[in-house]
Amino acid sequence: MTSPMMPESEPLGVPPLHYRDIPASTPTAAVPDEAVVLIHGWCCDLSDWDPVSAAMSRLGRLIALDLPGHGRSPDSEAGYSLSAMAASVLALLDHLHLGRVVIVGHSAGAEVAMTIALREPERVRAVIAVEPAYGALAADRDRLRALSQELAGPEAVETVTAYFERIDAACDVPDPLAQRHQRSARRCRPHVAAEMFREFTFGANSFHFSPDTEAVLGRRTVPLQAFYRSRERAEIGYSGTMHAGDSLHMYAGSGHWLHQERPERFVDDVETWLRGLSRREVADFQEAKRS
């Protein structure tokens, strides 16, 4: 599925994130007055959204971005912590004069989205987390620390490539998508891959592991729609944190990039939830006016 023609630019006067601005494809968009911001995961870039962006444009205006050190965005002088990444996205939103937005984050991008929602909740209407990286078990610490040490070595690109290959092989992902992920891995910048993985997983503001994940999700004040590929993943990352208005979806048999594998179902689920969210907001407002 291809995307409509769209401008790409590096904004001036802010940390220069490369982004793609995709107009809404219909006047009856699910969020006609707000942008939908798309944040890719670790060692990927905005092209991760290409298989689904044309369908997603019926949700509203899309802003797909390259995080610092990824795609066509330059390296970050502030580093690659969760706080630094969130600040770079907020600076881009300021540059684009965007008010409240819906943020869609895949994998590590969901951690960035949640950090923004906690830091400036008035800027975020909702978070949509697609196979979020948060919610790892304490038993995974040693394995992930070993991976972090391997990424700090001379063959970081090969390590990322093998890691993506294992993720896709475990879920029997279609070859064209698996090859897309391999190309993304080979484009990664070794120092960015190593530092971002270390900071997101073990950094001072990390909530990668349970029970930190549950504590952070429990503090949020914005609605959350979460997508997982299995019940096990959902239970690890989301158990006990459902709030009124939240939505949880499991795409059994899908891989980590489930939005690419099932784009129409994914967009249908997001659109239905966002339109229902709008109705609930109107109902809540009307009830407040009556009381």
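Glu34 is found in the loop that runs between strands β2 (19-22) and β3 (36-39). The structure discussed here is a predicted model.

Although Glu34 belongs to a loop, the relative accessible area of Glu34 is 14%. Buried means under 20% relative accessible area, and Glu34 therefore counts as buried. Which residues is Glu34 in contact with, once its neighbours within four places in sequence are left aside? They are Arg61, Arg100 and Arg125. With one of these partners, Arg125, the side chain of Glu34 forms a polar contact of 2.9 Å.

The protein as a whole contains 11 helices and eight strands.

| Property of the protein | Value |
|---|---|
| Buried share of the 291 residues | 56% |
| Share of contacts with a separation of 6 or more that join residues 24 or more positions apart | 74% |
| Share of the accessible surface belonging to carbon and sulfur atoms | 53% |

The largest nonpolar core consists of 60 residues. Within this core, the residues with the most contacts are Ile39, Trp42, Ile116, Tyr134, Val160 and Phe164. Another core, of 27 residues, lies apart from the largest one; its members include Val36, Leu46, Met56 and Ile128.

Methods:
Residues are numbered from 1 along each chain as its sequence is written. This is a predicted model: local features need pLDDT of at least 70, side-chain atom pairs count only at pLDDT 80 or more; totals for chains, interfaces and linings use all residues. Side-chain values use heavy atoms; hydrogens and water are left out. Helices (H or I, at least four residues) and strands (E, at least two) are DSSP runs, numbered from the N terminus. Buried means under 20% relative accessible area, exposed over 50%, partly exposed in between (1.4 Å probe, protein chains only). Contact means heavy atoms within 4.5 Å. Accessible areas come from the Shrake-Rupley method with a 1.4 Å probe; for residues, only the protein chains shown count as cover. A polar contact is a pair of N or O atoms within 3.5 Å; within protein, one must be able to donate a hydrogen and the other to accept it, and residues adjacent in sequence count only if both atoms are side-chain atoms. A nonpolar core is a set of buried Ala, Val, Leu, Ile, Met, Phe, Trp, Tyr and Cys residues joined through side-chain atoms within 4.5 Å.
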